[in-house]
Amino acid sequence: MKHEYDFLVVGAGLFEVTIAYREKQHGKKCLVIDKRSHLGGNVYCEDAEGITVHKYGPHIFHTHDEKVWNFVNRFVSFNRFTLNTIANYKGKLYNLPFNMYTFYQMWGVTQPEEARRIIESQRREAVMENPDFISKVVLDKGLDSGTAFEILSIDIADIDVGKNIGAGLQIDQAEADLKIAQAKAEERRAMAVAREQEMKALAQEMKAKVIEAEANVPLAMSEAFRSGNLGVMDYYRMKNIEADTQMRESIAKPADGSKKKPDKIG
Ligand SMILES: Cc1cc2nc3c(=O)[nH]c(=O)nc-3n(C[C@H](O)[C@H](O)[C@H](O)COP(=O)(O)OP(=O)(O)OC[C@H]3O[C@@H](n4cnc5c(N)ncnc54)[C@H](O)[C@@H]3O)c2cc1C
């Protein structure tokens with residue numbers, strides 16, 4: 001069976017005719033068919049009393065690629081075109097695309113932050129007026145109902161950023177737990193320091209009481225002398241015991257002043 005064509009190209013729009021043209025350059029034979037009665041697909045233009053009219057709507061050619069630009073200029077010439085769009089909203093004209101001047105025209109704001117706040121509040125209102133939107137976003141993002149609950153209780157305006165707020169909350173929670181644990185550990189450390197200080201103060205108090213009690217001993221002895229409860233011989237016997245005790249203690253003390261255990265005496 002003889003093949004008359006190498007390719008059958010369905011459609012005669014820009015894409016298909018480009019393919020057919022390139023294949024022909026490579027020596028291939030193409031059959032181009034289209035259900036419409038003209039070439040060009042959607043960019044097709046008609047002549048209406050000397051004016052070129054885009055039959056299927058206006059087309060603007062964009063490219064940053066010099067190769068493409070040179071290629072298309074081999075077949076057609078282009079009209080210079082400047083796009084100026086203005087929106088008519090409720091009888092007032094606004095610049096498009098949106099920029100700070102559009103926001104100034106709408107709301108009289110001059111700072112991006114002010115515009116952002118108004119947009120946020122309008123989004124919030126829109127969500128509140130259409131509660132179904134929340135479930136739709138949650139389902140679209142594949143978040144579970146637990147996460148949806150977290151989202152609602154945090155910030156409705158956040159839901160369209162699409163981040164997993166549930167995971168974010170868990171991280172926040174973990175960080176908060178860590179901070180609480182650190183704070184508790186710090187509290188325990190501070191309590192231990194305070195307790196140590198209390199014990200030191202208590203020891204000082206006890207020492208003061210002992211010193212006070214010792215200071216009363218000579219007074220008590222002179223009182224005992226006066227009242228006849230302590231005789232001169234009793235006094236000398238006590239002094240002897242004291243001297244004996246001191247002697248034993250000084251013998252027991254190590255010569256180098258260290259605190260090592262003394263050898264047994266007597
Ligand atoms: C109103 C409008 C404005 C646009 N503005 C721009 C613009 O400014 N800039 C831009 O880059 N693009 C624009 N586009 C898109 C533009 O149309 C495409 O980029 C370009 O035309 C696509 O070329 P194409 O060959 O892929 O498809 P098309 O131009 O759609 O051509 C496809 C052709 O295939 C034919 N066809 C489809 N199926 C069959 C079949 N089964 N049997 C036989 N024939 C078939 C169709 O009839 C059609 O002629 C616009 C589109 C529209 C509708």
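# Chatting about a predicted model

Q: Which strands form the hairpin that has Lys-90 in the turn?
A: β5 and β6 form that hairpin, with two residues between them, and Lys-90 in the turn has a positive phi of about 50°. Strands here are DSSP runs of E with at least two residues, helices are DSSP runs of H or I with at least four, and both are numbered from the N terminus.

Q: Before we go on, what sort of model is this?
A: This is a predicted model: local features need a pLDDT of at least 70, side-chain atom pairs count only at pLDDT 80 or more, and totals for chains, interfaces and linings use all residues. Residues are numbered from 1 along each chain as its sequence is written.

Q: Got it. How do β5 and β6 pair?
A: They pair in the antiparallel sense over five bridges. For strands to pair, DSSP has to find at least two bridges between them. As an example, Thr-85 has Leu-96 in β6 as its bridge partner.

Q: Is Lys-90 buried or exposed?
A: Lys-90 is exposed, because it has 4 other C-beta atoms within 10 Å. The cut-offs work like this: 20 or more other C-beta atoms within 10 Å of a residue's own make it buried, 12 or fewer make it exposed, and in between it is partly exposed, with C-beta atoms placed from the backbone.

Q: And how many residues of β5 are buried?
A: The number is zero out of five, so β5 lies largely in the open.

Q: Which residue sits in the turn of the β3 and β4 hairpin?
A: Glu-49 does, and there are two residues between those strands. Glu-49 is not a glycine, yet its phi is positive, at about 50°. With 5 C-beta neighbours inside 10 Å, Glu-49 counts as exposed. Its strands, β3 and β4, pair in the antiparallel sense over four bridges, and Glu-46 stands opposite Val-53 in β4.

Q: Where's the cis peptide bond?
A: Look from Leu-96 to Pro-97, where omega is near -5°. Most peptide bonds are trans. Pro-97 lies in the loop between β6 (92-96) and α3 (100-107).

Q: New topic: the ligand! Which residues come nearest?
A: Of the 18 residues around the ligand, Gly-11, Gly-13, Gly-41, Asn-42 and Gly-57 come nearest. To be near, a residue needs its C-beta atom, placed from the backbone, within 6 Å of the molecule or strand in question.

Q: Which helix gives the most to that shell?
A: Helix α1 (residues 14-25) does, with three residues. It has 12 residues and reaches 17 Å from its first C-alpha to its last, close to the expected 16 Å. The expected span is 1.5 Å times one less than the number of residues. Just after α1, Gly-27 takes a positive phi of about 85°.

Q: What about the α4 span?
A: The 18 residues of α4 (residues 112-129) should span 26 Å, and the end C-alpha atoms are 26 Å apart, which agrees. Zero of those residues are buried, so α4 lies largely in the open.

Q: What does Leu-230 touch?
A: Leu-230 touches Met-221, Ala-224, Phe-225 and Tyr-235, leaving aside residues up to four places away in sequence. A contact has two C-beta atoms, placed from the backbone, within 7 Å. You'll find Leu-230 in the loop between α7 (165-227) and α8 (232-252). With 16 other C-beta atoms within 10 Å, Leu-230 is partly exposed.

Q: Zooming out, how many helices and strands does the chain have?
A: Eight helices and six strands. Of the 266 residues, 2% count as buried.

Q: Last one: what is the average pLDDT?
A: The chain averages 80, and 79% of the residues score at least 70. pLDDT is the predictor's confidence in each residue, from 0 to 100. Over residues 159-166 it stays under 50, and there the model has 17 contacts beyond four places in sequence.
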